[in-house]
Amino acid sequence: VEVEGVPVAPLDVCCHDANKDYVVVTWKQPAVEGSSSILGYYIDRREVGTQHWAQCNDVPVKYARFPVTGLVEGRSYIFRVRALNKAGVSRPSRVSEAVVAMDPSDRARLRAGPSAPWTGIIKFTEEDPTVGIIPGEPTDVVVTEATKSYVVLAWKPPVQRGHEGVMYYIEKCISGTDSWQRVNTGMPVKSPRFAMFDLAEGKSYSFRVRCCNSAGVGEASVATGDITVGDILDLPCAPGN
Amino acid sequence: VKMFAVTEGKHAKFRCFVTGKPKPEIIWRKDGKLILSGRRYLLYEDREGYFTLKVLYCKQKDNGVYVCAASNTAGQTLSAVHLSVKEPPVRFK
């Protein structure tokens with residue numbers, strides 16, 4: 001049953017730039033807004049093979065573009081979008097095509113077809129507890145997307161990595177101040193990219209990244225320039241593009 | 001099973017290369033018990049793609065058989081080694 005005055009469902013929900021950390025979901029605004037203009041959208045995700053839809057954003061987003069984070073690597077997801085106005089929330093859009101939360105390189109490897117696992121002989125080393133190289137600083141930190149509701153950062157791994165996998169901490173600083181705050185206070189991230197929410201609209205920030213491994217946390221990268229969190233959908237080129 | 005020895009107080013690092021499609025899920029076990037990442041155990045995939053287990057500051061209780069088990073939809077396999085922890089050399093004041 002249609003509720004009077006609510007928007008019509010959004011159209012053409014698509015997924016872009018899928019990787020193991022996030023999937024960018026886009027859609028088109030419905031032709032009919034309903035009794036009042038659209039205030040924003042809710043994005044829902046469902047893991048393929050389950051029946052449960054989970055709402056991705058607590059606060060409605062205004063742009064028809066949203067990076068969905070918190071996905072489990074290797075699992076498949078479908079997405080749908082609902083539009084909101086003063087009268088209420090629309091019916092959900094048609095669902096997107098299924099997309100796997102996986103890095104493109106891993107996806108290519110998977111296409112070659114299944115093969116049983118093989119484990120090599122286990123190599124052993126005794127290490128002195130004092131040995132442990134803290135990785136150097138990451139480079140080329142850039143903002144690849146900046147909108148009112150989120151900012152996406154990307155960077156290059158450090159040259160000096162230590163001998164383990166490197167992980168990252170992201171820090172933000174409100175322009176004009178000297179106080180850097182860690183954004184991912186819990187787990188460090190494994191991939192050289194990060195999507196951030198909860199930035200104050202209209203404020204300007206700079207960002208920087210540190211590497212860490214079991215030996216400790218490294219020096220901070222060069223900070224990005226000031227990025228204003230605002231109405232402009234700013235899409236500079238990603239590094240290497 | 002291959003035997004290795006580590007001096008008490010040192011770190012023991014085990015590295016195992018794993019192949020398979022889809023990418024296998026890797027678990028490490030010690031004497032049959034699942035090893036979880038924590039203060040004394042580090043689990044990670046290193047830059048060369050080896051699945052790595054590091055046992056920090058080895059103690060006598062770390063003696064035992066360590067197994068790296070890999071499984072995916074196509075099957076499963078494992079590799080095992082035995083670790084013994086040596087007494088540290090006696091230190092004189």
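This report walks through chain A, its interface with chain B, and one histidine of chain B, all in a predicted model.

## Chain A on its own

Chain A is built from 18 strands and 1 helix. Of its 241 residues, 44% are buried. If you look at contacts in chain A between residues at least 6 apart in sequence, 65% of them link residues at least 24 apart. The chain exposes about 12,500 Å², with 51% of that coming from carbon and sulfur atoms.

## Where A meets B

Here 26 residues of chain A are in contact with 43 residues of chain B. Together the two chains bury about 2,900 Å², and carbon and sulfur atoms account for 57% of it. A:Pro117, A:Ile122 and A:Phe124 supply 25% of the area that chain A buries against chain B, more than any other three residues.

One salt bridge pairs B:Lys13 with A:Glu127, with the closest N and O atoms 3.2 Å apart.

## A closer look at B:His11

B:His11 sits in strand E2 (residues 11–21) of chain B. With a relative accessible area of 5%, B:His11 falls under the 20% cut-off, so it counts as buried.

Its neighbors come from both chains: B:His11 touches A:Glu127 and A:Pro129, among others, as well as residues including B:Val55 and B:Tyr57. A polar atom of the B:His11 side chain lies 3.1 Å from the backbone nitrogen of B:Tyr57.

Conventions. Residues numbered from 1 in each chain as written. Chains lettered and ligands numbered in written order. Predicted model: local features only at pLDDT ≥ 70, side-chain atom pairs only at ≥ 80, totals over all residues. Heavy atoms only, no water. Helix = DSSP H or I, 4+ residues; strand = E, 2+ residues; numbered from the N terminus. Buried < 20%, exposed > 50% of the residue type's maximum accessible area, 1.4 Å probe, protein only. Polar contact = N/O pair within 3.5 Å; in protein donor to acceptor, adjacent residues only side chain to side chain. Contact = heavy atoms within 4.5 Å. Areas by Shrake-Rupley, 256 points an atom, 1.4 Å probe, with all protein chains shown as cover. Buried area = accessible area lost by both parts, 1.4 Å probe. Salt bridge = Lys/Arg side-chain N within 4 Å of Asp/Glu carboxyl O. Lists of a residue's contacts leave out its neighbours within four places in sequence.
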